[in-house]
Amino acid sequence: MKKIPALFGSMVFNESVMKERLTKDAYRALCRTIKEGRALDPAVADVVASAMKDWAVEKGATHFTHWFQPMTGVTAEKHDAFLSPCGDGSGIMEFSGKELIKGEPDASSFPSGGLRATFEARGYTAWDPTSYAFIKDDTLCIPTAFCSYRGEILDKKTPLLRSMDVLSREAARVLRLFGKEVRRVTATVGPEQEYFLIDKADYAKRPDLILTGRTLFGAPAPKGQEMEDHYFGSIRPRVKAFMADLDEELWKLGIYAKTEHNEVAPSQHEMAPIFTTANLATDQNQLTMEVMKKVANRHGFVCLLHEKPFEGVNGSGKHNNWALSTDTGENLLDPGKTPMDNAQFLLFLTAVIRAVDEYQDLLRISVASAGNDHRLGGNEAPPAIVSVYVGDELSDVINALIRGIGHSDSAPGSMDIGVTALPPIPLDNSDRNRTSPFAFTGNKFEFRMPGSSFNIACPNIMLNCAVAESLGLYAGELEQARDFDTALSALIRRELSAHSRILFNGNGYGADWPEEAARRGLMNLHNTPEALEHFDDAKNVALFTSQGIYTPEEIHSRQEIAQEEYAKTILIEARTSLDILHKQIIPACMSYSTQVAQGAAVKSSIGISAEGEIALVRTITDKTSALMERTEALDKAVAAVPEDVKESARYCAETILPAMEAARTIADQLELLVDRAHWPFPTYRDLLFYV
Ligand code: ADP
Ligand code: MG
């Protein structure tokens with residue numbers, strides 16, 4: 001292995017490469033574009049493109065692609081060769097500024113939710129210079145945004161960039177009130193990625209994993225995660241080799257993969273990168289997922305990114321660590337040392353608390369998917385109810401503020417969020433409440449609801465927009481204040497009391513929490529269709545339109561795409577279940593019970609009692625009949641899906657899923673009765689406990 005520093009970022013056209021390869025003027029112009037969002041002069045674009053191409057060709061690249069994030073959630077690319085004909089039969093390697101800045105992929109088959117009729121299929125991609133170009137599979141990848149010809153946004157990146165701008169503007173406004181001038185405030189994100197690794201040969205024998213990413217059948221293995229021996233346990237050598245390889249590949253792409261460890265479930269692992277800007281973190285997480293799958297393949301594994309590949313053991317999530325950082329290097333969620341810093345910290349903290357309370361539904365929507373529904377509310381992931389954990393010490397501070405303790409005339413050591421006597425805010429780093437969906441962890445918030453396969457753009461768009469709104473409102477109010485300190489104290493107290501219902505330090509898995517949450521008036525959106533129906537609630541439309549993130553049409557299109565995707569996913573699962581039931585499970589049960597029956601008949605014919613066999617045959621036959629009935633019911637349910645998109649999503653959740661579950665229950669019981677040699681595919685034991 002090459003030394004890490006030489007390896008790190010070696011496939012990225014980053015700032016140091018730019019500095020080395022570009023003329024001084026071009027470098028300066030590009031930096032202005034990156035840091036201040038200024039348009040790039042076409043002449044400069046040509047210089048940058050040519051330097052990028054030379055660099056990429058030296059690294060072995062032959063093609064380039066505009067790399068973008070359509071609403072399917074995965075990344076898309078269309079490769080073009082650098083090669084241009086010369087006229088004399090030879091060719092030269094070419095790449096122009098125009099090709100760098102703008103691409104025109106045929107976009108007709110990407111989902112647009114009715115925004116773009118297929119006859120005007122052309123969309124265009126536009127370079128996002130704030131995310132570095134990189135080389136992957138001998139292709140220069142240029143991170144881009146994706147829009148329709150009429151300017152409607154068709155991807156996840158454009159709204160993310162917009163939300164970051166709005167957030168930066170409002171946060172800078174608030175900081176000005178504290179006497180700080182900053183050019184930019186950036187949302188920083190560190191996504192911790194969970195995944196499963198299973199053996200390729202076993203995977204190949206499981207049509208459910210191949211077609212749906214999760215096991216649709218499977219009785220629990222004799223051992224699950226009850227011993228808790230896998231979490232942070234020693235890593236199997238085969239997995240260790242995979243992790244080392246993964247780190248190396250990620251480092252080459254400039255991704256700071258930092259920690260790799262085992263997770264709670266058998267065969268489950270996690271990779272945590274060092275945080276970066278929300279935009280880059282999103283791109284890098286998309287890349288990480290892709291690289292994980294590729295590297296797994298090299299090691300004879302398949303990497304499962306589905307939220308719930310196995311029933312009965314933990315699913316996989318993606319903890320989205322989020323904070324705010326100024327261009328002067330200050331983390332705005334870091335409690336300060338001086339009272340004034342503390343006042344500023346408390347204002348930002350309050351803004352986040354208000355944002356989460358006001359937009360619980362948007363946060364829930366941002367993590368809604370068929371896969372994640374199996375996880376949220378299970379005994380492993382945060383519940384579907386959104387709440388904020390701040391830890392005991394910070395809670396005490398907040399409660400004291402709400403009660404109004406701590407005006408300058410009260411006892412020494414008490415709190416005052418003005419400039420006088422606020423004590424240092426204790427950091428709660430140790431007592432982490434793992435059951436909270438949104439936890440303050442010292443100097444950042446950890447949003448734990450996103451699913452492992454998610455593009456994190458959406459959760460971060462929601463967070464950025466909601467927090468930006470709080471900050472904008474607070475700035476507006478405080479800018480008018482005659483006495484800043486007094487107004488600030490009053491505002492923080494008022495807002496914390498108004499939104500204290502969202503604060504919850506207790507056990508999110510507890511049976512009493514949903515009741516308590518209902519008493520507090522918190523939302524409990526049980527599944528994806530239920531959550532998605534709130535996307536276009538008036539307050540949400542008002543938020544996005546006022547900030548210029550989405551138009552009402554774009555919101556509806558996104559809502560419809562998500563509903564459709566949900567229904568499609570469940571229907572694919574249902575059809576795969578039916579296929580497996582008809583072609584594999586039911587025939588296996590029949591042939592095994594026939595074989596046992598034949599044996600019993602032979603034994604009986606020579607006068608040997610075969611009571612045990614006969615009983616087994618009877619049980620299997622009865623259960624198989626019941627399974628056949630439930631299979632037929634599922635068949636009928638699938639045939640009766642409503643046309644309407646919203647209705648079909650509801651129907652899938654309320655009718656199809658329970659029908660699948662009903663069939664599975666019996667199939668899993670049969671798995672335990674049928675001989676291993678007859679069972680048509682590897683079991684949970686095979687899948688989760690390989691060596
Ligand atoms: P923990 O042990 O609590 O999970 P870590 O320090 O290991 O905490 O961080 C977990 C994740 O949070 C990492 O991906 C890390 O990069 C990220 N993180 C740390 N600080 C910030 C921050 N200021 N903004 C965003 N993410 C952060
Ligand atoms: Mg974490």
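Author: E10 contributes four residues to the shell around ligand 1, the most of any element. This is a predicted model, where local features need pLDDT of at least 70, side-chain atom pairs count only at pLDDT 80 or more, and totals for chains, interfaces and linings use all residues. Residues are numbered from 1 along each chain as its sequence is written, while chains are lettered from A and ligands numbered from 1 in the order in which they are written.

Strands E10 (185–199), E12 (268–273) and E15 (318–326) each supply at least two shell residues. Strands (E, at least two residues) and helices (H or I, at least four) are DSSP runs, numbered from the N terminus. In total, 15 residues surround ligand 1, each with its C-beta atom, placed from the backbone, within 6 Å of it. Thr188, Gly190, Phe275, Asn321 and Ala323 are the closest. The shell has seven nonpolar, six polar and two charged residues. Here Ala, Val, Leu, Ile, Met, Phe, Trp, Tyr, Cys and Pro count as nonpolar, Asp, Glu, Lys and Arg as charged, and the others, Gly among them, as polar.

Now the helix. H19 spans residues 538–546, with Asn540, Leu543 and Phe544 buried (20 or more other C-beta atoms within 10 Å of their own; exposed means 12 or fewer). These three cover an arc of only 85° around the axis, so they lie on the same side of H19. The arc is taken from the directions from the helix axis to the C-beta atoms. The face turned away carries exposed Ala538, Lys539, Ala542 and Ser546. The buried residues pack against helices H12 (360–366), H15 (457–479) and H20 (552–605), with contact meaning C-beta atoms within 7 Å. Just after H19, Gly548 takes a positive phi of about 70°.

Methods: Two residues are in contact if their C-beta atoms, placed from the backbone, lie within 7 Å.
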